[in-house]
Amino acid sequence: MSIHWFKTIRSSALILLLWWVSMPLHAQLNIEIFGGGASRIPIAIVPFAEENKLNQGITPVIGADLQRTGLFKLVDSSGLSPHVPTDVVYADWANRGANALVIGRTIALSGDQVEIQFRLMDVAKKSQLTGLSITVPKTQLRAAAHRIADVIYEALTGDVGVFSTRIAYVLKRGNKYALQVADADGYNAQSIIEYTEPIISPAWSPDGNQLAYVSFENKKPIVYVQTLSTRERRAVASFKGSNSAPAWSPDGKKLAVVLTGQGGSQIFLVNVDGSGLQRLSRSSGIDTEPNFSPDGRYILFTSDRGGSPQIYRMAITNAETSNAERLTFEGSYNVSPDFSQDGKSFTFIHRGDSRFNVAVQEIGSRQVQILTNSKFDESPSFAPNGKMILYATEIDGHGILSAVSRDGQTRQHLSVQTGDIREPAWGPLPKWK
Amino acid sequence: MRKLAGIALIVLLSACASQTTQPEVDDLTAGGVGSGSGGSDLMDSGSGRPSYFSQLQDPNSILSQRSVYYDYDSYTVRSDYRELVLSHARFLRDNASASAILQGNTDDRGSREYNLALGQRRADSVKNMMTLAGARDEQIESVSLGEEKPRALGHGESTWSQNRRTDILYRGE
């Protein structure tokens, strides 16, 4: 499967020295899926009526979304084409082993609008489980398909769907670095900023409207916050020394950052406008990679205060503190923590036998599960429903994105033919969720 | 003119001193010492640079050597780089208007942010040695580039050893 990363962003020279993308970026994105849970839900998706007249298919997007979760098995629908419930012969679908059936139609309206009517049918009960009618402009057909996939996923699993979310990552090609935002399936990639110096550590604001990141364009790391809709950006932490590792507070008002200006690498809190600097951690070692708990009361971070890098948790108080609880004990290198949305677990990178792998630890039981067997995994980030983890890994010396299901059963790779993808961050649920 | 330059220097230095208790706003582009916009009397006529830069770039001078390398997982300045660091420290001590930026670097194994912190530790080790030898704190900014700007690409010890280093840069150079 391959597509073009096709969006063009009009250049708007807000800041001198930065050059903005004004040419379409062409690169092929490949998606590969490995494994799959033992008890996948068999689902048949019938191409919607009149769908083939649209410039963008709907049901292929829905099918790919569901398949990537590892929770669904697509049942062949060839030869059968019901579009409304009265056309459905349930016995046909039961014979093919489908438990669920997706049917629907598309109606071209005036003024480039398209109405999509879809229904999710329960084959055993011979009844409709749910349905939806959406009217969108022709340019938003993929987004509409993701919404439908979300509705199906939610009806059949009981969990919130994340197909309408976005991801951010850094694409390095030659000596150019692009901070890109794409749909959760890797399509519609757009460069937010491109530069010839490294960019690392993108972090989504809780409302999904802004990205914080670290840029090296000024001979040292500086933390910026950029608004996606306007491309406007500002330096939030540009103090003497290094400025890095931004993490948003859940209310979106503050950032935890790592600064070195007062000695060592230590965690500070700063308002999003750059004011109100407050020191949070105090140790003689390295304290870095802060990540807020969903309730905003705690910060997970990486520290080598105990001799090797391990993950710690500290309560956020008004005074700086050296008190923190060590959470990881297996192995001599555990880094890059990211809380799950329920705050009950966190994902991180564990090094064992000189491999760097994605792991998850339950905070209550301290139980650790290693989810991957690759060699160089980096920067894991939970999907907002806690069911998948996005991370960067390396294949044949090439940086690619990968996602693994929370149980480690299913993995998918997203790669571009030229260039390295790294530093992924999974964005929040859209506001209407 | 010399007097004016002296006053300008005092203003700049006191501006720096007043900020040392707090992390200060980055002054790389703010027309600070050595940026070329102030202290023109320190310049060589025509070259647009303070006269001391000729020493820094003289290939026969140890001051033209700008990289300090480290052993694996180590942040202490090796004895074979001690004279190099001390020479730069003496240069800063003797040229009060010169200022340096020290960029720590690491190899590319592990977390990018953690490596950034490790690179900072390398730059800080050089800065500490320099300030103990008479350079002033305000003359030196230690920063880290982590694993982001490798001098050599690929895997293996010969590559990694080149990336475990601190580079010494002078402002205005």
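Visitor: Which residue forms a salt bridge with Arg121(B)?
Guide: Asp304(A) does, and the closest N and O atoms are 2.8 Å apart. A salt bridge here is a side-chain nitrogen of Lys or Arg within 4 Å of a carboxyl oxygen of Asp or Glu.

Visitor: Where do the numbers come from?
Guide: This is a predicted model; local features need pLDDT of at least 70, side-chain atom pairs count only at pLDDT 80 or more, and totals for chains, interfaces and linings use all residues. Residues are numbered from 1 along each chain as its sequence is written, chains are lettered from A and ligands numbered from 1 in the order in which they are written, and side-chain values use heavy atoms, leaving out hydrogens and water.

Visitor: How many salt bridges does the rule find across the interface of chain A and chain B?
Guide: Five.

Visitor: Which strands of chain A each supply at least two residues to the side that touches chain B?
Guide: β10 (199-204), β14 (243-248), β18 (287-292), β22 (334-339) and β30 (420-426). Strands are DSSP runs of E, at least two residues; helices are runs of H or I, at least four; both are numbered from the N terminus.

Visitor: What area is buried between the chains?
Guide: About 3,000 Å², with 56% from carbon and sulfur atoms. That is the accessible area (1.4 Å probe) that two parts lose on being put together, summed over both. In chain A, Lys219(A), Lys240(A) and Ile286(A) lose the most to chain B, together 21% of what that side buries.

Visitor: And how many residues are in contact?
Guide: 40 of chain A with 34 of chain B. Contact means heavy atoms within 4.5 Å.

Visitor: What about confidence in chain B?
Guide: Its mean pLDDT is 78, and 72% of its residues reach 70 or more. pLDDT is the predictor's confidence in each residue, from 0 to 100. Over residues 1-46 of chain B it stays under 50.

Visitor: New topic. Is Thr130(A) buried or partly exposed?
Guide: Thr130(A) is partly exposed, because its relative accessible area is 22%. Buried means under 20%, exposed over 50%, partly exposed in between (1.4 Å probe, protein chains only). Thr130(A) sits in strand β6 (residues 127-137) of chain A.

Visitor: What does Thr130(A) touch?
Guide: Arg119(A), Leu120(A), Val151(A) and Ala155(A), not counting residues up to four places away in sequence.
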